[in-house]
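Please follow the account below with the model open in a viewer. It moves from a nonpolar core to the strands and then to a pair of helices.

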Amino acid sequence: SEQRALELLRPRLPVAVPHWHVFDTDVIAYPRLPGSPAGAMNVEEKRFDWRFDPLSPPKVFIDSLASALIAMHAVATDVAAQAGLRVQSPDEVRQDLAKMMDAARGPLGVSEAMWQRWQQWLADKSFWPEQSVLIHGDFHPGHMLIDDEHRLVGLLDWTEAMVGDPAVDLAMVYGIFGKPALD
């Protein structure tokens, strides 16, 4: 699935994605992409190291990230389906989330107040998109490659790519970089 996503996206995105030259169940190899991760775990120091302040990301980073998101989310759903990517309608996304919530309720001890908020969220169609889009699904800073000017130049790890809820990608941007970046 990831290979199909990469083949589909390579000519459509303004940033580099891996071009697998070797791929098998045991090994994947591709030429190094430009840039360096926007952030990475420093295991020795037990901290996350950023190449810029995540609460005040450079405008060039936000603009280049937005361009990549726009291009990705603009890929036609039928084209993604023809490429073999998983496709979920907004209703199917909601149904899957409801199943995950049911599965998590007991083991995680979800409070009744939280459970009711989740159920209201699921039931209110105004919170859900009218259509699904192609999403990356795992917009982690370690997957975002930036150049020396902090421009996004590449995206790694497309294992979660599918047609689904655009909020998945946007929530990652919001959660990492805050509301000003999302705006």
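Beyond its neighbours within four places in sequence, Leu152 is in contact with Val15, Phe61, Ser64, Leu65, Ala68, Met144, Leu145 and Ile146, where contact means heavy atoms within 4.5 Å. The model is a predicted one, in which local features need pLDDT of at least 70 and side-chain atom pairs count only at pLDDT 80 or more, while totals for chains, interfaces and linings use all residues. Residues are numbered from 1 along each chain as its sequence is written, and side-chain values use heavy atoms, with hydrogens and water left out.

Leu152 also stands out in the largest nonpolar core, which has 32 residues: together with Phe61 and Trp158, Leu152 belongs to those with the most contacts inside this core. A nonpolar core is here a set of buried Ala, Val, Leu, Ile, Met, Phe, Trp, Tyr and Cys residues joined through side-chain atoms within 4.5 Å; buried means under 20% relative accessible area, exposed over 50% and partly exposed in between, with a 1.4 Å probe and protein chains only. Two or more residues each come from helix H1 (2-9), helix H2 (59-73), strand S7 (144-146), strand S8 (152-155) and helix H6 (167-177). Helices (H or I, at least four residues) and strands (E, at least two) are DSSP runs, numbered from the N terminus. With seven residues, H2 gives the most to this core. Apart from this core lies another, of six residues, among them Val93, Val110, Leu122 and Trp128. In soluble globular proteins, nonpolar side chains tend to be buried together.

Two of these strands belong to an open sheet of three strands, ordered S3-S7-S8 with antiparallel pairing; two strands pair if DSSP finds at least two bridges between them. Strand S3 (36-37) and S8 are the edge strands, each pairing on one side only. S3 and S7 run antiparallel and are joined by two bridges, and Ser36 has Ile146 of S7 as its bridge partner. H2 packs on the sheet and touches S7 and S8, its direction making about 45° with that of S8. Angles run from 0 to 180 degrees between N-to-C directions, and axes are lines fitted to C-alpha atoms, for helices over the stretch in contact. In the loop between S7 and S8 lies His150, a residue other than glycine with a positive phi near 75°.

A hairpin is formed by S4 and S5, with four residues between the strands. Strand S4 (39-42) pairs with strand S5 (47-50) in the antiparallel sense over four bridges, and Trp50 is the bridge partner of Gly39. Asn42, placed in S4, counts as buried because its relative accessibility is 16%. Sequence neighbours within four places aside, Asn42 is in contact with Arg47 and Asp49. Lys46 is in the loop between S4 and S5 and counts as exposed, at 71% relative accessibility. Although Lys46 is not a glycine, its phi is positive, at about 55°. Most residues other than glycine have a negative phi.

Helix H4 (90-108) and helix H5 (112-123) pack at an angle of about 170°, with their axes 10 Å apart. H4 and H5 are therefore roughly antiparallel to each other, a term for angles over 145 degrees. Residues making the contact include Arg94, Leu97 and Met101 of H4 and Trp115, Trp118 and Leu122 of H5.

Notes:
Parallel < 35°, antiparallel > 145°, perpendicular 65-115°, else oblique.
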